[in-house]
Amino acid sequence: MKKIMVIHGPNLNLLGTREPEVYGYATLAEINHRIEQAAAKLGCEVRIAQYNGEGEIIAAIHAAAEWADGLIINPGAYTHYSYAIRDAISAVNLTVVEVHLSNIFAREDFRRNSVTAPVTDGVISGFGPTGYILALYSFF
Ligand code: DQA
């Protein structure tokens with residue numbers, strides 16, 4: 001059975017009310033429910049967590065390396081400047097898919113660059129919550 005860790009980064013706990021014109025109306029609980037349903041269909045184990053802190057995300061990446069085969073991560077704004085999260089992804093032997101709800105390449109200049117993307121296996125950006133499901137399917 002494949003084992004996948006899903007990490008949601010900062011401010012994603014506010015989904016549903018946070019800039020819904022950008023991020024949609026689905027809450028994080030609803031998105032997580034969709035991920036769990038897809039995982040059940042695919043027959044894989046999924047664990048999901050959300051952290052606002054950079055250090056917590058790094059610790060979760062290290063911990064995932066102990067049990068998971070793959071990591072799906074939306075690093076939120078850390079995407080654009082966290083070399084520490086980039087290094088954590090590089091340091092572990094996991095297949096990693098970066099997900100963004102919005103299309104970061106169609107937004108403000110500072111969002112167009114991901115410092116984490118080059119050390120991941122792929123990026124899914126702009127498909128809303130479905131991006132997490134596409135990421136899950138990419139492991140099969
Ligand atoms: C985001 C895009 C980031 O630029 C932003 O800081 C987020 C969410 C997305 O999912 O579209 O917090 O990662």
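Mentor: A polar contact is a pair of N or O atoms within 3.5 Å; within protein, one must be able to donate a hydrogen and the other to accept it, and residues adjacent in sequence count only if both atoms are side-chain atoms. This is a predicted model, in which local features need pLDDT of at least 70 and side-chain atom pairs pLDDT 80 or more, while totals for chains, interfaces and linings use all residues. Residues are numbered from 1 along each chain, and side-chain values use heavy atoms, without hydrogens and water.

Trainee: Which residue has a polar side-chain atom 2.7 Å from an oxygen atom of the ligand?

Mentor: For Arg18, a side-chain N or O atom is 3.0 Å from a ligand oxygen. The 2.7 Å distance belongs to His80.

Trainee: How are α3 and α4 oriented to each other, roughly parallel or roughly antiparallel?

Mentor: Helix α3 spans residues 54–64 and helix α4 residues 83–91 (DSSP runs of H or I, at least four residues). Their axes come within 9 Å and cross at roughly 5°, on a scale from 0 to 180 degrees between N-to-C directions. Angles under 35 degrees count as roughly parallel, over 145 as roughly antiparallel, 65 to 115 as roughly perpendicular and the rest as oblique. The two helices are therefore roughly parallel.

Trainee: At what angle do α2 and α5 pack?

Mentor: Helix α2 covers residues 28–42, helix α5 covers residues 130–137, and their axes are 9 Å apart. In their contact (heavy atoms within 4.5 Å), residues of α2 including Ile31 and Leu42 meet residues of α5 including Ile133 and Leu136. The packing angle is about 25°.
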